[in-house]
Amino acid sequence: MLSLLNLLPYSRLAMLHRFFLLLLLAFPLTALHAADPIVEKTLGNGLKVIVLPDHRAAVAVQQAWYRAGSMDESYGTTGVAHVLEHMMFKGTPKVPAGEFSRRIAALGGRENAFTSRDHTAYFQTVQASRLPQAMALEADRMTHLSLDADEFAKELDVVKEERRMRTEDNPHSRLYEQLMASAFVAHPYRHPVIGWMNDLDNLTVADTRAWYSRWYTPNNAILVIAGDVDPAQVFAWAEQHYGTIPAREIPARKPQTEPAPQGMRHLQLKAPAKLPMAILAWRAPKLESAHLSRSPHALEILAGVLSGHEAARLPQALVKTRHIALEANAKYDALSRGPALFTADVSVAEGGDLNAAIAALKGEISRVAREGISPAELARVKAQVLAAQVFEQDSLFYRAMQIGSWETAGLSWRDRATWLDGLKSVTAAEVQAAAANWLTDDRLTLAELVPQPMPENAPPTARGSGGRHAR
Amino acid sequence: MHASVYLQKSASAPRAAWRPDRKARTAAIAQLWRGYATPRAGMPSGSNVARLLQVSAKHLALFALCLLPWAAQAGLDIQHWVLTNGARVYFVENHSLPMLDVSVQFDAGSARDPVGKSGLAGMTQHLLNLGAGNLSEQAIAERLADIGAQQSGSVDDDRASFSLRVLSDPAQRDTAVAILGAMLSAPHFDATILEREKARAIAALRESETQPEFLVERAFSQTIFGNHPYGMTSSETSLSALRREDLIAFHRHHYTTGNLTLTLMGDLNRAEAEKLVATVSAALPAGHAPAPLPPVAELTASSQQVIPHHATQSHIRIGQPGMTRDDPDYFPLLVGNYILGGGGFDSRLTKAVRDQRGLSYSVHSYFSPMGQRGPFQIGLSTRRDATHQALQVVRDTLQNFLDQGPTEAELTQAKNQLVGGFPLRLDSNKKIAQYLSVIAFYRLPLDWLDRYPVAVEKVNREDILRAFRSRVHPDRLATLIVGGDVATAR
């Protein structure tokens with residue numbers, strides 16, 4: 001409900017960058033990790049269990065990650081990964097519908113789940129002493145889900161309300177949805193995670209059953225346990241609760257490779273709104289499993305130079321100095337199973353010149369490509385990264401998330417240290433080359449929101465109404 | 001990437017037992033989540049401009065208190081002292097990580113906005129770090145970025161706050177503290193920057209006015225608070241009216257040591273803490289806290305307002321003024337609300353509206369305790385043609401709860417969650433710092449959290465029934481609907 005700016009899919013980028021650009025400089029961080037290193041073990045049925053001990057509080061986090069997200073869906077059944085995620089709370093023979101949540105709450109726990117393009121994950125946070133009960137519950141629904149037709153029908157309505165709330169009534173979400181559908185032609189990243197509404201309308205409980213039996217098997221899952229725990233004890237509990245679940249063969253995954261970019265794509269979305277805005281997305285390299293290549297490192301630093309902090313180039317030039325935009329951000333996400341994007345967004349005031357703002361944004365990128373960046377700018381981004389790596393230690397949940405994200409992306413949690421070291425050594429020349437090589441018009445999809453007047457039953461504007469409201 | 005996180009649950013999970021807030025939940029997740037953000041992230045730290053729209057940030061800060069339960073063992077050692085200049089300090093020393101959270105709060109929230117100048121408190125706070133002392137806007141941003149510091153500010157009805165998270169190494173820490181001191185005592189309030197930020201705030205307000213959830217929250221606030229300062233909201237007119245002299249005067253009057261609380265959490269010893277707070281507050285004038293706000297009046301009758309909107313969903317809010325921060329029935333209302341609509345999937349509203357009928361992704365109820373009576377609110381969004389049905393289900397659920405109260409089983413479940421979840425509330429520096437700031441601002445007893453689980457355990461069914469019947473009056477409920485199917489919505 002906040003302003004436009006908080007609803008923008010990209011509005012939180014500045015903060016995210018501070019959080020996610022991580023780098024190890026000469027800080028004695030190793031001491032933080034040295035006492036209790038991460039340990040992993042793969043059970044006989046293929047379930048990989050990764051334990052991160054952290055004894056700051058008597059709390060434990062369990063996260064069960066499945067390597068199945070919306071990118072594994074097909075035409076006609078988009079959204080099934082997310083609907084199944086909802087159905088995971090709707091009961092097994094031993095734990096009836098609603099009981100999972102009730103029992104976790106009775107333990108004093110918190111729990112939830114999320115679905116993305118790349119994966120689906122379920123998590124609980126509990127007092128450390130209550131971890132075994134949470135593990136028993138998670139293991140039960142890994143293999144015994146009921147998928148009752150009546151529960152499905154009601155839950156599908158809930159998901160449609162979710163889509164209405166998040167997407168249908170939110171022009172910025174729809175713009176992003178349209179952008180992805182245009183930026184990708186062959187790859188399933190073109191489908192929204194929540195699914196197209198018509199696919200939801202036609203989804204059946206059989207679709208969710210097929211999805212569940214295809215992907216919900218221990219050899220397609222990663223279990224992350226973090227907190228005030230003893231790894232040996234956790235492995236024993238994992239063996240007890242998950243070890244008996246039989247593995248099934250995981251279907252072959254088709255690559256569905258996206259063809260190389262062949263020129264700029266430009267789309268418009270017309271929707272009731274006030275502020276014109278644009279999202280720009282360039283096809284960019286992702287972090288590959290075999291070698292931690294340099295371009296992703298340089299792009300990550302580039303995103304930081306452009307909008308990683310309040311003094312970064314886009315807010316400084318477009319918003320603060322030239323007053324040409326209300327907001328301007330850039331973002332890059334190196335970690336994904338599918339093809340990566342480097343994105344930027346810009347918004348202008350009502351009736352403002354969006355084209356000028358887009359040109360200014362691209363101008364800032366061209367300037368990096370042409371003139372490079374200063375040593376001070378590079379150092380500033382690396383300082384952000386360094387500090388963020390300390391700050392992230394404050395969140396057990398975030399640290400567990402990192403492990404799951406890297407693992408489900410097809411990399412190892414161990415690669416993250418290599419990635420961070422690589423960021424440390426990025427040079428100004430590499431950043432300049434990345435801007436020149438990757439952020440070209442031929443690789444660009446440009447999505448533009450063209451504001452339309454509010455329809456007839458629009459609300460009265462409060463313009464000029466003063467600060468007080470008479471009842 | 002973005003927009004790709006869909007939480008199975010909505011607003012209300014047991015985590016937010018008191019004031020479940022979907023936005024806060026999703027924001028927290030998004031923040032933790034590499035590159036994935038929900039489009040509904042909503043905590044005030046996200047956007048500077050959003051902070052200027054007081055309606056938007058309303059009651060969010062109270063959220064912290066809603067999560068307040070504490071470790072059952074009296075684990076947290078809060079050091080508290082008052083400086084000779086009147087500033088009050090709250091300090092938790094913890095050396096487990098080489099970092100420090102510093103927060104300042106002033107009784108200078110949007111309820112202190114002068115008539116016709118709604119948005120002044122927000123704009124004053126917003127401009128603190130846009131040039132101060134001998135540092136330009138850009139210099140402040142660069143210096144804080146150079147040391148990797150994270151800054152966030154917020155303004156709600158009661159409070160104006162600014163927080164820094166910084167490495168505790170003296171090189172970084174002292175730089176951050178010096179900048180903070182300058183920001184608080186010598187902000188430039190540059191006229192050009194002010195005009196730019198006014199324009200951004202007005203543009204964002206216009207956009208917000210197209211969004212049904214913004215509209216329903218604003219209308220709700222205006223309706224239940226009427227002419228009380230809590231009911232004032234920014235408009236284009238009031239934002240346009242802000243002048244540099246207004247900011248200077250507001251700052252001079254409210255940003256004083258006598259109106260300041262400082263909270264410190266992290267890697268610092270007492271001597272360092274004393275030096276730090278002296279540095280931060282040194283250049284502020286003495287002053288004093290403003291007089292308490294007037295009490296919030298009861299509604300005199302029920303009302304229903306329908307604001308037409310083209311959205312596919314209707315957004316509904318039902319409520320009335322609720323409770324103050326020091327309400328003697330705090331705990332019965334806390335536990336009772338968990339059962340009514342605060343306890344996520346344990347709550348009656350979620351069961352009735354979502355689980356049994358599939359009418360909404362998210363339904364909640366909360367009491368937001370404030371300096372004066374904050375809102376009691378039930379809220380949801382549902383497809384247009386279900387508006388009437390959803391309203392009926394909500395009203396029946398509330399009436400039934402007021403008639404019969406909770407069952408013993410519900411009460412036990414609520415207590416198990418609230419008490420059993422205690423250690424989770426305190427498991428990071430960030431959470432402790434947030435709770436500390438609430439304790440500081442509202443002058444709660446230092447052991448207030450230690451008493452918490454005991455007080456929860458003591459609550460019985462009769463307490464809840466009595467407390468709810470004395471606070472929630474079905475014949476004086478305001479109902480706001482933004483959306484459609486007006487005809488069937490009575």
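1. Start with one residue pair. In strand E2 of chain A, A:Ile50 is the bridge partner of A:Glu40. E2 covers residues 48–53, and E1(A) pairs with E2(A) in the antiparallel sense over four bridges. Strands pair if DSSP finds at least two bridges between them. Strands (E, at least two residues) and helices (H or I, at least four) are DSSP runs, numbered from the N terminus.

2. A word on the source. This is a predicted model, where local features need pLDDT of at least 70 and side-chain atom pairs count only at pLDDT 80 or more, while totals for chains, interfaces and linings use all residues; side-chain values use heavy atoms, with hydrogens and water left out. Residues are numbered from 1 along each chain as its sequence is written, and chains are lettered from A and ligands numbered from 1 in the order in which they are written.

3. Confidence in the whole complex comes next. The predictor gives an ipTM of 0.88 and a pTM of 0.89. pLDDT is the predictor's confidence in each residue, from 0 to 100. Chain A averages 90, with 89% of the residues scoring at least 70. Residues 1–35 of chain A fall below 50; this stretch has 147 contacts in the model beyond near neighbours in sequence. Contact means heavy atoms within 4.5 Å. Residues 458–471 of chain A also stay under 50, with 36 contacts beyond four places in sequence.

4. Over residues 1–74 of chain B the pLDDT stays under 50, yet the model has 325 contacts for them beyond four places in sequence.

5. Angles run from 0 to 180 degrees between N-to-C directions, and axes are lines fitted to C-alpha atoms, for helices over the stretch in contact.

6. H4 (residues 80–87) of chain A also meets helix H10 (residues 205–215) of chain A. Their axes come within 9 Å and cross at roughly 90°. That makes H4(A) roughly perpendicular to H10(A); the class spans 65 to 115 degrees, with angles under 35 roughly parallel, over 145 roughly antiparallel and the rest oblique. From H4(A) come A:Val80, A:Ala81, A:Val83 and A:Leu84; from H10(A), A:Asp207, A:Thr208, A:Trp211 and A:Tyr212. By class the contact has six nonpolar residues, one polar and one charged. Ala, Val, Leu, Ile, Met, Phe, Trp, Tyr, Cys and Pro count as nonpolar, Asp, Glu, Lys and Arg as charged, and the others, Gly among them, as polar.

7. Chain A has another open sheet. Its five strands run in the order E7-E11-E8-E10-E9, with mixed pairing. E7 (265–272) and E9 (327–332) of chain A are at the edges, each with a single partner strand, so one side of each is left open in the sheet. Eight bridges pair E7(A) with E11 (residues 444–452) of chain A in the parallel sense. A:Lys270 has A:Val450 in E11(A) as its bridge partner. Helix H14 (residues 354–371) of chain A packs on this sheet, touching E8, E10 and E11 of chain A; its direction makes about 35° with that of E8(A).

8. E11(A) also pairs with E8(A). These two run antiparallel, joined by six bridges. A:Trp282 stands opposite A:Leu444 in E11(A).

9. H13 (residues 330–342) and H19 (residues 461–471) of chain B pack at about 90°, with axes 9 Å apart. H13(B) is therefore roughly perpendicular to H19(B). Among the residues that meet are B:Pro332 and B:Leu333 in H13(B), and B:Ile464 and B:Phe468 in H19(B). The contact has eight nonpolar, two polar and two charged residues.
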